[in-house]
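Q: Could you walk me through this model, a few pieces at a time? I'll ask as I go.

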Amino acid sequence: MTFDDWLEGHEKIVVPAIVKRKLPATFFVSVQGAKWRRDFFDQMRVAQANGSEIANHTITHPSLPSISLEKAKAEIDDARKIIMDSVPGAECLTFAYPMGTKSNEVIDMVKKEHIAARTVNPFNENNISYDFVLDSLDYYRISTVRVWHIVTLEKIVQWLDYAEAGGGMLTFMMHSVYNDKIEKGWDAMPEEFLTGMLDTLKSREDSIWITALASAVKYHQEKKACTIKILKEEKSKMEFILESPLDPLIYNQKLTIKMRNPDCHMEIRQDGLKVDFTFSANGEWVYANVLPGKKIKVKYWAY
Ligand SMILES: [Zn+2]
């Protein structure tokens, strides 16, 4: 879920509703309001502390290709710096082009400090494939589904079905959310629709990973770049590492590894800490989430 611009309904409706349901989202914030509002970042801090992502949507929301390169650079870089300085923990690694407009020069500037960017281009809804990146530039032209009052919950369910069947990444783009106290804005969506959508998403959590855009892109890049290297393999223990060529300070998303169930007691540790694991329904596999670039130690002993 991505919410653009940072509007009144985001603070008053969306953040409380997603925090209550423990659902993360990405907020593409245009920071111009920070100049005259002391509490501008308060609810962003709440969202960030609860697993959401506060991301870059420039300062004044200009069409970037139609202003000078110098001004465009300032819009992109200054907004990122302001968000990172104002919201503890915000990495500000993703970007949304204001009005969806971009040029090669704009993409080059965005690439310097961001790992991905969302456009306003519609998805091919029948082909939400895991292999959506054929060229590394595709991370900077991620397409989306516009969700506003004309969309129905049945349609949301259908999109989720397509995403699940294709195994790919689906981003929803949302703007204003209103109720009887908050006015309608751009692409308005009533509060009841949002909460219905959130409950629908929540009910699919066992089969769909609902996460912030940066986490999904990190996972996608890491999975492609990492290789498993076995360091030690004995009867009672094994050590291995997910070798990664990526910058560990940015690419810190845990990947899910899958191992054969050894049919005995086992313990997995990384960095000295125990790693939780689960079993596949048929008991054949063990799944664990681990970080790239750090040794993983597995111990076995008889039941
Ligand atoms: Zn916008």
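Q: Where does Met99 lie?
A: Met99 lies in the loop between strand 4 (94-96) and helix 4 (104-113), where helices (H or I, at least four residues) and strands (E, at least two) are DSSP runs numbered from the N terminus. Residues are numbered from 1 along each chain as its sequence is written. Please keep in mind that this is a predicted model, in which local features need pLDDT of at least 70 and side-chain atom pairs count only at pLDDT 80 or more, while totals for chains, interfaces and linings use all residues.

Q: What is the phi of Met99?
A: Its phi is positive, about 60°, although Met99 is not a glycine.

Q: And why does Met99 count as partly exposed?
A: Met99 counts as partly exposed because it has 13 C-beta neighbours inside 10 Å. On this scale a residue is buried if 20 or more other C-beta atoms lie within 10 Å of its own, exposed if 12 or fewer, and partly exposed in between, with the C-beta atoms placed from the backbone.

Q: Which loop holds Asp271, and is it buried or exposed?
A: Asp271 is found in the loop between strand 13 (265-270) and strand 14 (273-274), and it counts as exposed because 11 C-beta neighbours lie inside 10 Å. Asp271 is not a glycine, yet its phi is positive at about 60°.

Q: Stepping back, how many helices and strands does the protein chain have?
A: The protein chain has 7 helices and 17 strands. Of its 303 residues, 31% count as buried.

Q: What about the overall dimensions?
A: The C-alpha atoms fill a box of roughly 65 × 45 × 40 Å, taken along the principal axes. The radius of gyration of the protein chain is 21 Å, which agrees with the value near 19 Å that a compact globule of 303 residues would have; that radius is taken over C-alpha atoms, and the globule rule is 2.2 Å times the number of residues to the power 0.38.

Q: How is the chain divided into domains?
A: There is domain 1 (2-218) and domain 2 (226-301), with bounds that come from an automatic or database domain assignment. The centres of the two domains, taken over C-alpha atoms, are separated by 32 Å.

Q: Let's look at helix 2. Which of its residues are buried?
A: In helix 2 (residues 42-49), the buried residues are Met44, Ala47 and Gln48. They cover an arc of only 95° around the axis, which puts them on the same side of helix 2; the arc is that of the directions from the helix axis to the C-beta atoms.

Q: What covers them, and what follows the helix?
A: The cover includes helix 1 (8-20), strand 2 (26-29) and strand 3 (53-56). Gly51, which has a positive phi near 95°, follows helix 2.

Q: Now Ala116: which strand is it in, and what does it touch?
A: Ala116 lies in strand 5 (residues 116-122), and it counts as buried because it has 25 C-beta neighbours inside 10 Å. Not counting residues up to four places away in sequence, Ala116 touches Thr94, Tyr139, Tyr140, Ile142, Leu213 and Val217, where two residues are in contact if their C-beta atoms, placed from the backbone, lie within 7 Å.

Q: How does strand 5 pair with strand 6?
A: Strand 5 and strand 6 (residues 142-146) pair in the parallel sense over 2 bridges, and Arg118 stands opposite Ile142 in strand 6. Two strands count as paired if DSSP finds at least two bridges between them. Strand 6 and strand 7 (residues 172-174) also pair in the parallel sense, over 2 bridges, and Phe172 in strand 7 is the bridge partner of Val145.

Q: What is the strand order in the open sheet of 5 strands?
A: The order is 10-11-17-13-14, with antiparallel pairing. Strand 10 (227-233) and strand 14 stand at the edges with a single partner strand each, so one side of each is left without a neighbour in the sheet. Strand 10 is joined to strand 11 (residues 237-243) by 6 antiparallel bridges, and Ile230 stands opposite Phe240 in strand 11.

Q: And which order do the strands take in the open sheet of 3?
A: That sheet runs 12-16-15 with antiparallel pairing. Strand 12 (255-260) and strand 15 (277-279) are at the edges, each with a single partner strand, so one side of each is left without a neighbour in the sheet. Strand 12 is joined to strand 16 (residues 285-290) by 6 bridges, and Arg260 stands opposite Trp285 in strand 16.
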